[in-house]
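This report concerns one protein structure and considers a pocket, a helix and a loop residue in turn.

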Amino acid sequence: MNLFDVYPLFDIHIVKGKGCCVWDENGTEYLDLYGGHAVISIGHAHPHYVEMISRQVATLGFYSNSVVNKLQQQVAERLGKVCGYDDYSLFLINSGAEANENALKLSSFHNGRTRVVSFKKAFHGRTSLAVEATDNPKIIAPINECGHVTYLPLNDIEAMKAELGKGDVCAVIIEGIQGVGGIQLPTGEFMRALRRACTEHNTVLILDEIQSGYGRSGKFFAHQHHGIKADIITVAKGIGNGFPMAGVLISPMFAPIHGQLG
């Protein structure tokens, strides 16, 4: 069996990492400026990370939403304090795409709508509705192209107001800083106008901070530079320092129902 050849690969076989550096099989050292879309938070092979991961795997390598897991509550309490959203709730999953899928699903449960606004050059994942909200037709299969999503120009306040003014938009999903789209920044004026419009039209504002969160912009979340709060924030990558982990931070405006997310 061969690997499914869907990514063009650099001809470099990385065999180890430490801090912000990695080494290939020939001993060549590289400064890791990529890190899986800036995935590394505390660095490769950080002693504290290695110790905690090793200790947990040696104790219990089991996870389920059907039994009590006190580690989840510890993560929620600590994350709430450090990010400034301590009155929100946390739902943990495995990947950024899952986080965005659950955020969009929860939004639709909340207001009963089915239309999503995303932005030109946006990237939100490669699964189902997350990929439909991604502005890249090459990776949207026909089965995913269901007409849920309208793409708008980033930072066009009038276009955004006109679209939300139709009154049928379930959610707006926007990156704190566009990553795959080329490090495009939403302006403070646009983000504040977007927050007001979403509130006015009962539209859920989802901030995808998967690449831009966890301190990479100088604040914990990039959208915090603009003095706004999101209804839902999605996180991944940096939350686990490369370990497959993600989360959805959920406003108190949403009432949880058993079994609605997974």
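In this predicted model, helix 2 gives the most to the lining of the largest pocket, with 8 residues. Helix 2 (47–59), helix 3 (70–83) and strand 4 (89–93) each contribute at least two residues to that lining. The space in the largest pocket amounts to about 1,600 Å³. Its lining comprises 37 residues, and those nearest the centre are Ile53, Leu71, Val75, Ile239 and Met245. The composition of the lining by class is tabulated below.

| Class of lining residue, largest pocket | Number |
|---|---|
| Nonpolar | 22 residues |
| Polar | 13 residues |

Attention now turns to helix 7. This helix has 13 residues and spans 18 Å from its first C-alpha to its last, close to the 18 Å expected at 1.5 Å a residue. Its buried residues are Gly188, Phe190, Met191, Ala193, Leu194, Arg195, Ala197 and Cys198. Among the elements covering them are strand 5 (115–119), helix 6 (157–164), strand 7 (169–175) and strand 8. After helix 7 comes Asn202, with a positive phi near 55 degrees.

Thr203 is located in the loop between helix 7 (188–200) and strand 8 (204–208). Thr203 counts as buried because its relative accessible area is 3%, below the cut-off of 20%. The side chains of Thr203 and Arg113 form a polar contact at 3.5 Å. Beyond its neighbours within four places in sequence, Thr203 is in contact with several residues, including Asn111, Leu164, Val169, Arg195, Cys198 and Asp231. Of these, Arg195 and Cys198 are also among the buried residues of helix 7.

Methods. Residues are numbered from 1 along each chain as its sequence is written. This is a predicted model: local features need pLDDT of at least 70, side-chain atom pairs count only at pLDDT 80 or more; totals for chains, interfaces and linings use all residues. Side-chain values use heavy atoms; hydrogens and water are left out. On a 1 Å grid over the protein atoms alone, a cavity is a set of points where a 1.4 Å probe fits but cannot get out, and a pocket is an open set with protein on both sides within 12 Å along at least five of seven lines; lining residues have an atom within 4 Å of a point. Grid points are joined across faces, edges and corners, and a volume is the space filled by probe spheres set on the points. Helices (H or I, at least four residues) and strands (E, at least two) are DSSP runs, numbered from the N terminus. Ala, Val, Leu, Ile, Met, Phe, Trp, Tyr, Cys and Pro count as nonpolar, Asp, Glu, Lys and Arg as charged, and the others, Gly among them, as polar. Buried means under 20% relative accessible area, exposed over 50%, partly exposed in between (1.4 Å probe, protein chains only). A polar contact is a pair of N or O atoms within 3.5 Å; within protein, one must be able to donate a hydrogen and the other to accept it, and residues adjacent in sequence count only if both atoms are side-chain atoms. Contact means heavy atoms within 4.5 Å. The expected span of a helix is 1.5 Å times one less than its number of residues.
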